[in-house]
Amino acid sequence: MLLRQNLPRSTPSSWISRINPASTMPLRAKLINPAFGSASKMSTTSDSQIPRELPGDEPDDVLFNSRYGVRLIELNRPKKLNSLNGSMVRKILPRLKEYEKSQLANIVMLSGAGSKALCAGGDVAALALQNEKGPEGQKASADFFGLEYKLDHVIATYSKPFVSIMDGITMGGGVGLSVHAPFRIATERTVFAMPETSIGFFPDVGGSFFLPRLDGELGTYLALTSERLTGVQALYAGIATHYFHSSVLGNLTARLSELVFDDLAPLSERLDLVNRTMAEFSTGLPTEQEQPLELVGGLRQKIDKVFKYDTIEEIVQALENEAQHADYSHWANRTLRTLWKRSPTSLKVTLRQLRLGRKWSISETFQREHQIASHFMSHPDFVEGVKALLISKPARRARWRPRTLAQVTDKQVDQFFTIPQGQQRMSLLSEGDYNQYPHEKYALPSEKEIEKFIRNNSASKSQIIEHFMIATGHKEGVKQKLSDVLSRQTINTTEGLRWRKQGEPTQ
């Protein structure tokens with residue numbers, strides 16, 4: 001990493017602390033100096049609602065540093081790929097609330113220790129073993145998910161610029177810590193996935209919100225199959241907002257720490273300044289030879305066609321139909337094999353979650369997901385899936401209950417979306433709420449944005465590309481994405497490009 005060879009061996013391993021050790025202030029995970037939090041109150045949450053550390057929590061599983069106006073949060077369990085547990089959440093939440101109040105804290109950046117992962121997910125192995133203790137253990141596991149979702153919601157509604165560094169494995173719980181932030185940085189080492197259906201669970205941490213809002217049926221495909229996106233693919237898919245080589249992260253942090261905001265500047269102006277500053281570090285995207293676009297062209301058309309249905313049985317039938325055609329038979333058969341390995345209950349709950357989640361607000365999303373997660377904690381597939389895939393050495397094939405899709409009834413699925421009598425929705429630590437991400441202009445244009453422009457304007461391909469290049473400040477990746485979308489979704493006419501009608505073949 002940057003400047004590593006010039007630092008003493010005692011320097012922390014994080015790329016953050018390699019920038020300039022003399023200018024950072026390492027802090028143990030204790031209460032922040034009260035002076036940091038005396039400026040202005042940004043939330044109505046009372047201090048009594050914010051979780052605090054418990055006596056048995058690990059002392060250094062999260063590291064906090066300050067570099068001028070930047071507050072750096074580093075997940076510090078590299079041997080476990082920075083998997084998230086309750087101890088870490090109880091440290092991060094009060095810090096974020098204090099940073100919101102502080103006039104000295106301008107930007108929050110989150111990363112993971114080491115070069116392998118931001119966060120590979122929640123510590124589900126510990127939760128599965130805890131669940132085997134019965135109702136008490138299952139409730140404790142559900143409480144952990146509630147705590148995790150409260151943290152994710154705070155990040156999703158944060159009142160200051162928040163930057164998540166998706167350097168390395170970013171799965172499950174790591175996605176919750178990153179995908180809702182206004183700035184999400186992918187690198188050449190990024191590996192994104194939502195692998196929950198493979199362990200008898202569902203794509204949580206806000207998956208109900210962000211997955212249905214991805215282009216077409218891409219979110220449905222990623223959720224049901226646990227397909228991975230690597231490197232720049234996360235940018236093209238809309239998971240990441242920026243792509244940088246990992247070697248520039250140190251200098252980027254140093255540059256962001258120099259930013260000074262006007263005291264009265266609204267969040268939008270602060271975010272715009274951060275975005276312009278980040279653009280200074282663009283080093284170009286990988287070429288087609290280095291990292292070819294994957295979920296594009298004909299394959300994307302097949303994904304949208306197959307995964308548009310509202311039942312797993314219809315999706316399976318559509319895949320079986322595609323398996324009869326030579327062009328995509330390999331993909332269809334591979335996807336079918338993948339789905340047959342997944343928990344039938346997880347598949348059906350996940351598809352229902354995605355369809356309902358299209359209309360959920362960000363707050364309702366986490367409250368609903370807490371209820372779904374609580375129900376899964378008492379379902380046998382979660383413990384079985386974690387044991388089969390993560391605990392057994394070597395990993396074995398899970399024995400799901402029920403064993404087949406046909407045995408999973410609508411009534412059983414309904415129970416995951418029903419709050420038991422006498423219970424209420426989980427309370428949150430932020431009052432912020434919305435139905436669409438408010439900061440997606442920093443990502444590549446979505447297909448819906450492109451479609452809206454084409455329907456309202458008669459323009460050629462070059463004119464459309466020029467429009468979005470100007471609108472995004474000549475953002476890297478815009479041309480590549482537009483070229484794919486226009487080739488799949490438009491028809492060339494004498495008056496310019498026209499958006500293709502559903503079922504209409506491309507020309």
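Predicted model: local features only at pLDDT ≥ 70, side-chain atom pairs only at ≥ 80, totals over all residues.
## Basis of the model

Local features are reported at pLDDT of at least 70 and side-chain atom pairs only at pLDDT 80 or more, whereas totals for chains, interfaces and linings use all residues. Residues are numbered from 1 along each chain as its sequence is written, and side-chain values use heavy atoms, with hydrogens and water left out.

## Helices α18 and α19

The axes of helix α18 (residues 461-471) and helix α19 (residues 478-489) come within 10 Å and cross at roughly 140 degrees. Axes are lines fitted to C-alpha atoms, for helices over the stretch in contact, and angles run from 0 to 180 degrees between N-to-C directions. Helices are DSSP runs (H or I, at least four residues) numbered from the N terminus.

On the α18 side, Lys 461, Ile 464, Ile 465, Phe 468 and Met 469 meet Val 478, Lys 479, Leu 482, Ser 483 and Leu 486 of α19 (contact: heavy atoms within 4.5 Å). The residues of this contact comprise seven nonpolar, one polar and two charged; Asp, Glu, Lys and Arg count as charged, Ala, Val, Leu, Ile, Met, Phe, Trp, Tyr, Cys and Pro as nonpolar, and the others, Gly among them, as polar.

Lys 91 lies in helix α1 (residues 86-101). With a relative accessibility of 2%, Lys 91 counts as buried (under 20% relative accessible area, 1.4 Å probe, protein chains only). Its side chain reaches the backbone oxygen of Glu 58 at 2.6 Å.

Glu 290 is located in the loop between α9 (267-279) and α10 (297-306). Glu 290 counts as exposed at 58% relative accessibility (exposed: over 50%). The side chain of Glu 290 reaches the backbone nitrogen of Thr 287 at 2.8 Å.

Terms used. Helix = DSSP H or I, 4+ residues; strand = E, 2+ residues; numbered from the N terminus. Polar contact = N/O pair within 3.5 Å; in protein donor to acceptor, adjacent residues only side chain to side chain.
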